[in-house]
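Visitor: I am new to this structure. Please show me how to read its features.

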Amino acid sequence: MRLFNSHKLKNDQHGFSLIEVLISVFVFSMIVIAIGGIFTQILALQRRGAGAQKVQENTLFALELMAREIRVSKIDNQDAPLCDRTTLTIVHPVNGTVIYSTSGGLIQRQAGGTVTTITSADVNFSRLNFCVLGTTVTATVGDQKQARVGIIMQASSRATRPEDTLVFDLETTVISRDNAIEFSN
Amino acid sequence: MCFDSNGFTLVEALVALTILSVAIVPAYALSTSSVGIAYSIRNNVIAAGLAQEGIEVIRATRDSNWFVGSAFDTDLADGDYELQWDSIPPFSIYQDRFLYRGIQGKYRINPGSSSVQTIYKRKVSIQKISSVELMITSEILWTERNRSRSFKVESHLFDWK
């Protein structure tokens with residue numbers, strides 16, 4: 001203290017008064033709270049966006065894989081006009097019998113006795129249904145309709161907080177290009 | 001209390017405020033644009049599937065025409081149509097209405113038991129380009145954050161087998 005006194009701390013140097021400090025701290029904290037709130041919201045949005053992106057990648061991949069195989073495959077006696085089929089069996093000219101189904105929210109493809117999971121564990125497929133028309137055949141006679149397969153999926157990202165997930169309700173239809181049985185009539 | 005103490009001048013305060021807002025405005029604009037990204041991704045993915053479905057149903061009709069020995073464009077006259085996965089001719093004329101999603105998550109033209117209205121409309125157009133070629137366009141229309149969006153695919157079907 002003597003050190004300060006000896007320099008004769010002049011009393012005409014004003015600092016902030018208590019009121020000024022309190023007000024500025026109050027204003028500052030208001031701003032920080034507001035910015036912090038916006039920031040956490042942005043983080044949540046970012047998480048949801050990243051989740052949606054994962055769902056997009058997985059659904060598009062699964063749909064594309066199925067569509068490519070369905071287009072060239074023979075699909076016999078799988079009709080399901082009410083879309084209640086959860087397993088689809090097709091006969092691919094190269095890959096042989098291919099079966100699509102879900103297990104534990106993952107899409108599985110079985111070919112040549114080997115089961116492969118084709119979607120990521122980050123995405124939950126809560127529905128995989130097949131709508132099938134025009135596949136009724138006997139040994140030599142077709143139903144004179146092109147086989148069409150509607151694929152219905154419900155997918156969402158697996159997130160710890162439910163508000164981070166977004167549910168995708170997808171549907172598309174693919175028809176087979178395999179006409180052998182119909183033209184053999 | 002003395003009044004000769006130097007605070008900020010008005011000019012200094014204004015300059016500081018300007019710099020601060022120049023820094024904050026782009027950040028805020030970015031954050032607001034990220035609000036709709038997840039929905040935008042979802043809507044596009046769904047629209048892509050629905051658009052493809054429209055084309056495939058018309059294609060199935062063309063193939064079935066061949067199987068029964070009809071002309072490839074039987075029941076496929078020029079016009080705008082609405083359809084669903086199991087539609088067979090005659091297709092109903094496009095009426096600018098929303099699709100519904102019903103039992104098993106199936107998208108359908110008409111409301112049914114426990115169905116919900118979706119945000120999508122699907123317009124499938126057929127145009128005969130020549131005696132051996134049909135142009136099919138399938139357009140999905142929806143509104144996203146007060147903006148009209150659309151997803152359109154086109155396919156050409158030939159009298160060739």
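Guide: Start with burial. Buried means under 20% relative accessible area, exposed means over 50%, and partly exposed lies in between, using a 1.4 Å probe and protein chains only. With a relative accessible area of 25%, Gln104(B) is therefore partly exposed. This is a predicted model, in which local features need pLDDT of at least 70, side-chain atom pairs count only at pLDDT 80 or more, and totals for chains, interfaces and linings use all residues. Residues are numbered from 1 along each chain as its sequence is written, chains are lettered from A and ligands numbered from 1 in the order in which they are written, and side-chain values use heavy atoms, with hydrogens and water left out.

Visitor: Where does Gln104(B) lie?

Guide: Helices (H or I, at least four residues) and strands (E, at least two) are DSSP runs, numbered from the N terminus. Gln104(B) sits in the loop between β3 (100–101) and β4 (107–108) of chain B.

Visitor: What is the phi of Gln104(B)?

Guide: Most residues other than glycine have a negative phi, and most peptide bonds are trans. Gln104(B) has a positive phi, near 65°. Asn146(B) also has a positive phi, near 65°. Its place is the loop between β7 (133–144) and β8 (147–158) of chain B. Asn146(B) counts as exposed, at 77% relative accessibility.

Visitor: Which peptide bond is cis?

Guide: The one from Pro89(B) to Pro90(B), with omega near -5°. Pro90(B) belongs to the loop between β1 (79–82) and β2 (92–93) of chain B.

Visitor: How do I read the span of a helix?

Guide: Take 1.5 Å times one less than its number of residues; that is the expected span. Helix α2 (residues 37–67) of chain B has 31 residues. From first C-alpha to last it reaches 45 Å, close to the 45 Å expected. Of its 31 residues, 25 are buried, so α2(B) is largely enclosed by the rest of the structure. Gly69(B) follows α2(B) and has a positive phi, near 80°.

Visitor: At what angle do α2(A) and α2(B) pack?

Guide: Axes are lines fitted to C-alpha atoms, for helices over the stretch in contact, and angles run from 0 to 180 degrees between N-to-C directions. Here the angle is about 15°, with the axes of α2(A) and α2(B) 8 Å apart. Angles under 35 degrees count as roughly parallel, over 145 as roughly antiparallel, 65 to 115 as roughly perpendicular, and the rest as oblique. So α2(A) and α2(B) are roughly parallel to each other. Contact means heavy atoms within 4.5 Å. Among the residues making this contact are Arg48(A), Gly49(A) and Ala52(A) of α2(A), and Ala38(B), Tyr39(B) and Ile41(B) of α2(B).

Visitor: How do α2(A) and α1(B) pack?

Guide: Helix α2 (residues 18–72) of chain A and helix α1 (residues 10–35) of chain B pack at about 40°, with axes 9 Å apart. They are therefore oblique to each other. Ile42(A), Leu45(A) and Arg48(A) in α2(A) meet Ser31(B), Ser34(B) and Val35(B) in α1(B).

Visitor: Which residues is Asn77(A) in contact with, leaving aside its neighbours within four places in sequence?

Guide: Arg85(A), Thr135(A), Thr136(A) and Val137(A). Asn77(A) is in the loop between α2 and β1 (80–85) of chain A. Its C-alpha is 9.1 Å from that of Leu133(A), 56 residues apart along the chain. At 46% relative accessibility, Asn77(A) counts as partly exposed.
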